[in-house]
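Reader: I am new to this structure. Please pick one spot, look at it closely, and then lead me on from there.

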Amino acid sequence: MLHYPERPASQSVKLIETFRETFRARQESLKRGQAPIRVPQPKHLYERQRDMAYHFKPELFVQTGGATLFRCPEEELLVRAPEICIMPMGVPHHETVENLDTPFENVVVCFYSKTVTVHLARADESMTPRATDIFFYQTPYFSDLVSMLNLSAGLFHSTLPDSKLGLQGVMMGVFSLLLNMIATEDGSASVESQRVYRCQWLIRNHLQDPELSVQWLADSLGCSSNYLSKLFHDELGEKVTNYIMRIRLDNALFALRDTTLSVKEIALACGFRDPNYFSRVFRQRYDMTPKDYRQKLVNESGRPESQPKLVRGDHEEYHYGYDEKNRPIQGNLRPGEQ
C-alpha cells in the first residue's frame, strides 16, 4: 500500500526549482537540436493489456537519471537520460527502472480533469518507478499542452520533410508553457490540499479499475474513509464517488468522440464492469445513450459553420464573395478582392 506523507514547504520549493531547471535544460537542448525524443507507435490504442496501463491524455517523461524501459504491446523503448519520451494517449505501456550509470529518476507531466500534474519519480524496492512528490496545476494552458503533445507525437512518426523541425518547435513551446505554468508556484499548499490533490492523482491512475473505492483511496493516503470524504467535499464541493463517476463519464465522452472503440470497449476502458450499467448512467447524465451521442456527433460534423467567413462593413460573406444562401454578392467587392 502506498502512503503519501506531508511534504515540508522547504522541500516543495527545492523540488519546484528542480522542475524549472529540468524544463529549461530541455528547452535549450531543443534550440540546439540536441534533445532526443522517443515516441512509441500508436498501436493497440485503448486495449486492456496484462500488466499495462493507458491514459486518455498523453504523458511527457523527461529522463534525468538512469533509464526507463517502456514495454508496449509490439515494441520496447529504452529512454535514457537526458532523453524525452512522449507516451501517446491510449497506448498501453509498462515502465521498468534501469539504473545504468546513474540512479533512476525522471520528471513526469500528466493531464487529467483540467489539471496538469508534475511529479518526480524514483525507483521503489521492486525497481518500479514511483511518484515521490506530486504537484497540481489548474492552468489555462491545459488544452494547449494536450494538443501540442498530441501534435508532437504525430510529427514524430510523420514522413513529411519538415516534420523534425516542426517537432522541435512544438516541443520548445511545450516546455515554455510548462515553465510559465510553474513560474508562480510557491509550494505553500496546505497538508489537507496536498492530500486531496494526491487523491485526485490516485483516481486518475486507477480509474480503469472497477474496484476503485473511497476505502482504497483512504488506505493509500493513510487516513480514514470518513475523513477523506469530508476533506474532499470541503475542498472541492463534490463527493469522491460523484467525482469518480463524473471523470469516468467525461472520459467516455472523449472516447466516443475521438476513437472508434465500441460502446462495450469504452465502458471497460472507463472502469465500468457492466456495459449496460454504463449505458444507463450515461443516459441519466446526458439524456441520450452512448450510441445516440456518437450519432449526434456524426450528424453535426456535416453541418456548415453558422458564422460567416468574413464580415465587412456592409455585408457578410460565407465563402469567397457569396452570401449565406450561396448567392453572389454584387457591387460590394473592390477590384482584386475575393
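Author: Start at M127, which is partly exposed, with a relative accessible area of 35%. The model is predicted. M127 sits in the loop between β8 (115-123) and β9 (129-138). Its backbone deserves a look. Phi of M127 is near 60°, a positive value in a residue other than glycine. Most residues other than glycine have a negative phi.

Now turn to D51. Phi of D51 is also positive, near 65°, and this residue is not a glycine either. D51 belongs to the loop between β1 (37-38) and β2 (59-65). D51 is exposed, because its relative accessible area of 53% is over 50%.

Another backbone feature involves a proline. The peptide bond from A81 to P82 is cis, with omega near 10°. Most peptide bonds are trans. P82 has its place in the loop between β4 (76-80) and β5 (84-87).

β3 (residues 67-71) pairs with β6 over five bridges, in the antiparallel sense. In that pairing, A67 stands opposite E98 in β6. Strands of a sheet pair through backbone hydrogen bonds.

Next comes a helix, α9. This helix has twelve residues, 275-286. At 1.5 Å a residue α9 should span 16 Å, and its end C-alpha atoms are 16 Å apart, so the two values agree. F278, V281 and F282 are the buried residues of α9. They cover an arc of only 105° around the axis, so they lie on the same side of α9. An α-helix has 3.6 residues a turn, so residues three or four places apart point the same way. What covers the buried residues of α9? The cover includes α7 (240-258), α8 (263-269) and α10 (290-301). On the other side of α9, N276, R283 and Q284 are exposed.

D274 caps the N-terminal end of α9. A side-chain oxygen of D274 lies 3.0 Å from the backbone nitrogen of N276. After α9 comes D287, and the phi of D287 is positive, near 60°. That brings us back to the kind of backbone angle at M127, where phi is positive and near 60°.

Key. Residues numbered from 1 in each chain as written. Predicted model: local features only at pLDDT ≥ 70, side-chain atom pairs only at ≥ 80, totals over all residues. Heavy atoms only, no water. Helix = DSSP H or I, 4+ residues; strand = E, 2+ residues; numbered from the N terminus. Expected span 1.5 Å × (residues − 1). Buried < 20%, exposed > 50% of the residue type's maximum accessible area, 1.4 Å probe, protein only. Arc of directions from axis to C-beta. Contact = heavy atoms within 4.5 Å. Polar contact = N/O pair within 3.5 Å; in protein donor to acceptor, adjacent residues only side chain to side chain. Pairing = 2+ DSSP bridges.
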